[in-house]
Amino acid sequence: MIRVSRKAEFYAQVAAEQMAIWPVATGISFISRREHHDWGIALHIDSRTLQPQQLRGALERRFTQSHLFPDYFLFLDSQRDFVVWHAAPDDGQGNASLDNIRQQQLLLAGLDYLADTGR
């Protein structure tokens, strides 16, 4: 898996369906990867970084505001890291769609203050 430091590099890896990790804060990264049959973007929050009510808040937002978060999947991985995953779009809008997905993932996880992290 390639490690990138800029949003544009990460988006290029997503478009190429290549695994990449883009750390945006301590314990918080975006990872491009396949889940089941689809390529997508996963927001990973390390279990040591996860705040006490963060998972509960994200689940609450996901299900009480489901119209805002269609096709976003929340789960704990094998290391008990919290993951918010969404398939990469094939709508031809490229980075604009990826930006929207990334911002929605951060909002869903209660990390919207990181939305402007674009390095």
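**Rings, helices and loops**

User: F69 and Y72: buried or exposed?
Analyst: Both residues are buried. Buried means under 20% relative accessible area, exposed means over 50%, and partly exposed is in between (1.4 Å probe, protein chains only).

User: What kind of model is this?
Analyst: It is a predicted model, where local features need pLDDT of at least 70, side-chain atom pairs count only at pLDDT 80 or more, and totals for chains, interfaces and linings use all residues. Residues are numbered from 1 along each chain as its sequence is written, and side-chain values use heavy atoms, leaving out hydrogens and water.

User: How many aromatic pairs are there?
Analyst: The structure has six. Rings of Phe, Tyr and Trp (its six-membered ring) pair if their centres lie within 6.5 Å; planes under 30 degrees apart are stacked, over 60 edge-to-face, and the rest tilted.

User: Why is the F10 and F30 pair called tilted?
Analyst: Their planes stand at 50°, so the pair is tilted. The ring centres are 6.4 Å apart.

User: Which parts does that pair tie together?
Analyst: F10 lies in helix α1 (residues 7–15) and F30 lies in strand β3 (residues 28–35), so the pair ties together parts that are 20 residues apart in sequence. Helices (H or I, at least four residues) and strands (E, at least two) are DSSP runs, numbered from the N terminus.

User: Is F10 buried or exposed? And F30, buried or exposed?
Analyst: F10 is buried, at a relative accessible area of 1%. F30 is buried too, with a relative accessible area of 1%.

User: Back to F69 and Y72. What sort of aromatic pair do they form?
Analyst: That pair is edge-to-face. The centres are 6.2 Å apart, with 85° between the planes.

User: Which residues form an aromatic cluster?
Analyst: F10, Y11, W22 and F30 form one.

User: What sits over the ring of F63?
Analyst: The charged end of R62 does, 5.4 Å from the ring centre. A charge sits over a ring if NZ of Lys or CZ of Arg is within 6 Å of the ring centre and within 35 degrees of the ring normal.

User: New topic. At what angle do the axes of α1 and α3 cross?
Analyst: They cross at roughly 105° and come within 11 Å. Helix α3 spans residues 95–108. Axes are lines fitted to C-alpha atoms, for helices over the stretch in contact, with angles from 0 to 180 degrees between N-to-C directions. The two helices are therefore roughly perpendicular. Under 35 degrees counts as roughly parallel, over 145 as roughly antiparallel, 65 to 115 as roughly perpendicular, and the rest as oblique.

User: Which residues meet there?
Analyst: From α1, K7, Y11 and V14 meet N95, L98, D99 and R102 of α3. Contact means heavy atoms within 4.5 Å. By class, this contact has three nonpolar, one polar and three charged residues. Ala, Val, Leu, Ile, Met, Phe, Trp, Tyr, Cys and Pro count as nonpolar, Asp, Glu, Lys and Arg as charged, and the others, Gly among them, as polar.

User: Now the loops. Where is H67?
Analyst: H67 is in the loop between α2 (54–64) and β5 (73–76). H67 is exposed, with a relative accessible area of 63%.

User: And where is D46?
Analyst: D46 is in the loop between β4 (38–45) and α2. D46 is buried, at 17% relative accessible area. D46 touches G27 and D81, not counting residues up to four places away in sequence.

User: What is the phi of H36?
Analyst: H36 has a positive phi of about 55°, although it is not a glycine. H36 sits in the loop between β3 and β4. At 71% relative accessibility, H36 is exposed.
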